[in-house]
Amino acid sequence: MQTHSREKRYWLDEPGNVTKLYHALWVVGILLLVGDFFLHKHEDFVFAGWYSFYGVFGFIACVALVVSAKGLRKLLMRDEQYYDY
Amino acid sequence: MITDFPVALIMIFGAVLVPLTRGRLRAAVTLLLPLVTFFFVLALPEGLYGRMEFAGAQLVWMRVDRLSLLFSYVFLLATLIAAVYALHEEDPRQQSATLVYAGSALGAVFAGDLLTFFVFVEIAAVSSTILVWARGTAESYGAGMRYLGMQLAAGVLLLAGIAFQWADGHGLAFSHIGTQSTGGWLILIGLGIKCAFPLLHNWLQDAYPEATATGAVVLSAFTTKLAVYALARAYAGTDLLIYVGTAMAAFPIFYAVIENDLRRVLAYSMNNQLGFMVVGVGIGSELAVNGAVAHAFADILFKGLLFMSMGAVLLRAGTVKGSELGGLYKSMPWTTGFCIVGAASISAFPLFSGFVTKSMIMSAAAGEGYLWVWLVLLFASAGVFHHAGIKIPYFAFFAHDSGIRCREAPVSMLVAMGAAAVLSVGIGCAPSIFYSLLPYSTSYEPYTPTHILDQLQLLVFSALAFAVLMRTGIYPPELRSVNLDTDWLYRRLLPAGFRVFAKMWQGVVRTVLDLTGCLGAVFSVVLAWHRPGALFARTWSVGASAFCLMALFLMYLVAYL
């Protein structure tokens, strides 16, 4: 294990490229939402067939998950040595 | 007959060869034993073998049917892959423990009666503890002890349940048990510990991350999946399991988001995946049980793959803490790739194994009209992508560059990861071949346009949520920390309780001693008169006694008159 100060730059080392990936992900997401217009869906629950249900659900579920987990840290998080005594 | 030979014993007794051999020969032993067992199993026709009478009950060494065969295949695959993964290291203790553990798990899967099942489960419990201890740290010793305690407690419950079953005249057959009897409940709770039901789960997150790189891979394959097998065998269609499984799928993901140790994140995500399987068993329809069993099969491979990639990171970078890692894709590109395959599989991306297995459970839940269960499972599906699919590869291999530069994982590790990756993609790309192995024949079609689009939307927008939270700085940073879970009860509360009790006991003892001090004063007075040679302890002559008596009588007479 050692740190090299001068080594090859990777494509992901450019912050601009990370932003490109981020935008590409939005493009994919929007294309999937467009796909929803053209597909006649067969769902067991009626609401699951609503336009963009899964996309909206996934986004909100993950934001809710992270925000509530972050809140749980206040209650649950302890120092790393908590159990060493 | 040769078929009456319990196949489990090949690996259990074969493990003796490990300490007797060295180098390449030992490596060959660890590979050949599961291979030989595999060929033996493949040649087994369905049926009951090795029957014998014991105290009026019938014991069956091996019941070979589609359910036990499927689990035996995946257990043997996992043993082989783990053996390849461990080829770079020489640790006879771990290698033999792995063979005994895997062999006894196999024996339990084939067990046709509860007593045989119990015996093999106990051997598995003890041998697997050695894998936790093999790390050799103080933490792993403590975690191993707690692990062993939980496993043995589960064993006691199982045995008590089996005794009740037998006493109530239900016999010892390992078939559907259900919750109509006391024995049934006890066995269910025993299996619940092994399966890491909510509140009984924390031994898993406690022990697995303290094991060695290989140890965690091996551990992740057997104990919990054996419990899923037993539930599918004995408790299919038990409604309670639907709700237990739903809770299991949901709560660990909150922990997984804030956990820093990436192998502990995987342990939480294991809980979450087991939840899906338990729901499938609870629903109990052919589709649901197929889904539960198929998901267990796929999970052993992709969870093993994820544990393998984190084991490789542990070996090379020396830590698996998210707060210390980042940028490892530059040093370990192959490991990164395999980890991403595992992550895609657990997240149920189309063309990966999780997609074709988990969807059966989701479809069964929706088909039976379990609205809330289905919604929670969908939330858990988004969550699993978030914490296992993105968090694990992102914080280990990408994120900010930690500056750690190390070598790529050893070839043996890469081959093992490659094998698990190929199998995960294979199951995802050719589900019909895999489905033909399932307990019930099925015409389920996972690749419908609706399902593909739904799943991709769910996953891509979960990824977008992660990206947005990351870029806005809302995402909680990885911090060196521990999070309180139910292990707090026996790691802090119980010891603290003992300390309070000990203090109280000390007080009691001190009071007693003080009292004896007072008694001592009384005793010394008594002793002064009664000790040997003292006034009341002397032997008197008859004349002196007669004289004293006369004197007493005289005093009495005078007093009376």
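## Strand pairing between chains

In this predicted model, A:R78 stands opposite B:V482, a residue of strand 3 of chain B. The pairing joins strand 1 of chain A to strand 3 (residues 482-483) of chain B, runs in the antiparallel sense and extends over 2 bridges.

## The contact between chains A and B

Chain A contributes 42 residues to the contact, and chain B contributes 45 residues. On the side of chain A that touches chain B, the elements giving two or more residues are helix 1 (15-38), helix 2 (53-76) and strand 1 (77-78) of chain A. Helix 2 of chain A gives the most to this side, with 16 residues. By residue class, the side of chain A that touches chain B comprises 23 nonpolar, 10 polar and 9 charged residues.

## Helix 13 of chain B

Helix 13 of chain B covers residues 262-283. Just after the helix, B:G284 takes a positive phi of about 80°.

## The surroundings of B:V217

B:V217 lies in helix 10 (residues 213-221) of chain B. The residue is buried, since 31 other C-beta atoms lie within 10 Å. Leaving aside residues up to four places away in sequence, B:V217 touches B:A82, B:Y85, B:G304, B:F307, B:M308 and B:G311. The C-alpha atoms of B:V217 and B:M310 are separated by 9.4 Å, although the two residues are 93 residues apart along the chain.

Conventions. Residues are numbered from 1 along each chain as its sequence is written. Chains are lettered from A and ligands numbered from 1 in the order in which they are written. This is a predicted model: local features need pLDDT of at least 70, side-chain atom pairs count only at pLDDT 80 or more; totals for chains, interfaces and linings use all residues. Helices (H or I, at least four residues) and strands (E, at least two) are DSSP runs, numbered from the N terminus. A residue is buried if 20 or more other C-beta atoms lie within 10 Å of its own, exposed if 12 or fewer, and partly exposed in between; C-beta atoms are placed from the backbone. Two residues are in contact if their C-beta atoms, placed from the backbone, lie within 7 Å. The expected span of a helix is 1.5 Å times one less than its number of residues. Ala, Val, Leu, Ile, Met, Phe, Trp, Tyr, Cys and Pro count as nonpolar, Asp, Glu, Lys and Arg as charged, and the others, Gly among them, as polar. Two strands pair if DSSP finds at least two bridges between them.
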